[in-house]
Amino acid sequence: MENDKVKYCKYCGAKVAYEAVVCVSCGRQIEMLSTNGNQTVVVNNTNKVIVGGRRCNKWVAFVLCLLFGILGIHKFYEGKIGMGILYLITGGLCGIGWIIDAIVILFKPNPYYV
Ligand SMILES: [Zn+2]
C-alpha cells in the first residue's frame with residue numbers, strides 16, 4: 001500500500017512521510033497530534049488546588065485538637081509551627097482557640113489543604 005507510506009501536503013502539495021504531522025516543505029501542521037496511533041495527550045488540571053498546600057486528614061486533626069488542642073498539637077500537625085508554639089504558651093488561647101479550631105476542623109472537607 002503506497003498510501004500508507006506517503007501523503008501529500010494539503011497546503012503546498014509536497015510529498016511528506018505518512019506519519020508526519022508537520023510538512024517539511026512549508027512547515028505547516030497537517031495533522032492533529034491525537035490522530036497518530038492511539039497516543040493521547042491528557043491534560044489534567046485537577047491537581048492545581050493541591051499546589052502549595054499541605055494535605056491534612058480531617059479526623060486526625062480533629063482528634064489531635066480534641067485531645068491535645070490546648071497544647072496546639074493540631075497546629076503542629078498542620079505545619080503551623082508558630083501558631084503551635086503560641087497555643088502551647090497560652091493554653092490554646094485560653095481554651096478559646098482550642099474550641100473554635102475543633103469546630104472549624106469539623107466543618108472542613110476531608111482531606112483538607114492548608
Ligand atoms: Zn506543505
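Which helix does Leu 93 lie in? Leu 93 belongs to helix α3. The model is predicted. This briefing covers that helix, a helix pair and a proline in a loop.

**Helix α3**
- Helix α3 covers residues 81-94, which makes 14 residues.
- At 1.5 Å a residue, α3 should span 20 Å. Its end C-alpha atoms lie 18 Å apart, which agrees.
- The helix bends at Leu 88, by about 85 degrees.
- Leu 93 has a positive phi, near 55 degrees, although this residue is not a glycine.
- Gly 95 follows α3. The phi of Gly 95 is also positive, near 90 degrees.

**The pair α1 and α4**
- Helix α1 runs over residues 58-68, and helix α4 over residues 96-106.
- Their axes come within 9 Å and cross at roughly 160 degrees.
- Angles over 145 degrees count as roughly antiparallel, so α1 and α4 are roughly antiparallel to each other.
- The crossing of these two helices is left-handed.
- On the α1 side, the contact is made by Lys 58, Ala 61, Phe 62, Cys 65 and Leu 66.
- On the α4 side, Asp 101, Ala 102, Ile 105 and Leu 106 take part.
- By class, this contact of α1 with α4 has seven nonpolar and two charged residues, and no polar ones.

- Pro 111 sits in the loop between α4 and β4, a strand at residues 112-113.
- Asn 110 and Pro 111 are joined by a cis peptide bond. Its omega is about -5 degrees.

Terms used:
Residues are numbered from 1 along each chain as its sequence is written. This is a predicted model: local features need pLDDT of at least 70, side-chain atom pairs count only at pLDDT 80 or more; totals for chains, interfaces and linings use all residues. Helices (H or I, at least four residues) and strands (E, at least two) are DSSP runs, numbered from the N terminus. The expected span of a helix is 1.5 Å times one less than its number of residues. The bend at a residue is the angle between axes fitted to the seven residues ending there and the seven starting there. Axes are lines fitted to C-alpha atoms, for helices over the stretch in contact, and angles run from 0 to 180 degrees between N-to-C directions. Angles under 35 degrees count as roughly parallel, over 145 as roughly antiparallel, 65 to 115 as roughly perpendicular and the rest as oblique. A crossing is left-handed if the near helix is turned anticlockwise from the far one by less than a right angle, and right-handed if clockwise. Two residues are in contact if their C-beta atoms, placed from the backbone, lie within 7 Å. Ala, Val, Leu, Ile, Met, Phe, Trp, Tyr, Cys and Pro count as nonpolar, Asp, Glu, Lys and Arg as charged, and the others, Gly among them, as polar.
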